[in-house]
Amino acid sequence: LVTLVDQQIISYQMIAVGMVIGTLLGIWMARAVKMTAMPQMVGLLNGFGGGASMLVAAAEWHRLVQPGAVMPGDIAVSIYASTLIGGVTISGSVVAALKLQGWVVPDRPVLFPGRHLLSSGLFATVIATGVYLGGNPGALWAFVVMNIAALLLGIQLVIAIGGADQPVVICLLNSYSGLAAAMTGFVINNHGLIITGALVGASGIILTNIMCKA
């Protein structure tokens, strides 16, 4: 609500339409999903926060690469960080929810040789494309590659963990969604989003640590 005070992304009419659609979907999901399936629904809804941050970062990147616009270095770093964390959060949360539900993705850990090398390569790809975009901010292909690498990294990080540990993973991804929101706050210069995102990020890490010890 604080973010909506400063209209700079889209019209209030479209915001109202989005809020109505989102509210109806949320009510339907909450009523239709069984109580035993709440962990996967929470994981999925948590992932939507990361996806939203990723979309806002993409929209702001598109706005700032238009002719006549200027992309400051700190905003560029925030956009790419929001893309990385948001991408990992949304794809990782979907995998976690699918594991808990027993759909598509096997409940057991999916392990294969070279998986750590793959994760490192995907992370390096995000960093490399970010560096390239620093000198060529309008390179669409590089931004697309960054988004794809971030999404694949989220899948790779979660798919190797078994279904029984997915609630802990969801806590960690919840922290990531907060960090993504904080990065998005830097992107659109919104202090309320930065503060609440940092609170979610910090509390999520603490809760994850507690659950790991337990």
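User: Buried or exposed: which is N190?

Analyst: Buried means under 20% relative accessible area, exposed over 50%, and partly exposed in between (1.4 Å probe, protein chains only). N190 has a relative accessible area of 10%, so N190 is buried. This is a predicted model: local features need pLDDT of at least 70, side-chain atom pairs count only at pLDDT 80 or more, and totals for chains, interfaces and linings use all residues. Residues are numbered from 1 along each chain as its sequence is written, and side-chain values use heavy atoms, with hydrogens and water left out.

User: Where is the place of N190?

Analyst: N190 sits in the loop between α6 (166–187) and α7 (191–213). Helices (H or I, at least four residues) and strands (E, at least two) are DSSP runs, numbered from the N terminus.

User: What does the side chain of N190 reach?

Analyst: A polar contact is a pair of N or O atoms within 3.5 Å; within protein, one must be able to donate a hydrogen and the other to accept it, and residues adjacent in sequence count only if both atoms are side-chain atoms. Here the N190 side chain reaches the backbone nitrogen of G192 at 3.2 Å.

User: What is the phi of N189?

Analyst: Most residues other than glycine have a negative phi. N189 is not a glycine, yet its phi is positive, about 55°. N189 lies in the loop between α6 and α7. At 60% relative accessibility, N189 counts as exposed. V104 also has a positive phi, near 60°, and is a residue other than glycine. Its place is the loop between α3 and α4 (115–135). V104 is exposed, with a relative accessible area of 79%.

User: How many helices and strands are there in the protein?

Analyst: Seven helices and zero strands. The order from the N terminus is α-α-α-α-α-α-α.

User: At what angle do the axes of α2 and α3 cross?

Analyst: Two packed helices are described by the angle between their axes and the distance between the axes. Axes are lines fitted to C-alpha atoms, for helices over the stretch in contact, and angles run from 0 to 180 degrees between N-to-C directions. For α2 (residues 38–64) and α3 (residues 73–101), the axes come within 7 Å and cross at roughly 155°. The two helices are therefore roughly antiparallel (over 145 degrees; under 35 is roughly parallel, 65 to 115 roughly perpendicular, the rest oblique). The residues of this contact divide into 14 nonpolar, 14 polar and one charged.

User: And how do the axes of α2 and α6 cross?

Analyst: At roughly 25°, with the axes coming within 9 Å. That makes α2 roughly parallel to α6. The C-alpha atoms of P167 and V42 are 125 residues apart along the chain and separated by 9.7 Å. P167 lies in helix α6. P167 is partly exposed, with a relative accessible area of 34%.

User: How far apart in space are V17 and V95?

Analyst: Their C-alpha atoms are 29 Å apart, for 78 residues in sequence. V17 lies in helix α1 (residues 12–32). V17 is partly exposed, at a relative accessible area of 42%.

User: What radius of gyration does the protein have?

Analyst: The radius is taken over C-alpha atoms, and the globule rule is 2.2 Å times the number of residues to the power 0.38. With 214 residues, a compact globule would have a radius near 17 Å; the protein has 18 Å, which agrees. Along its principal axes the C-alpha trace spans about 50 × 45 × 30 Å. Of the 214 residues, 38% count as buried.

Notes: Nonpolar A, V, L, I, M, F, W, Y, C, P; charged D, E, K, R; others polar.
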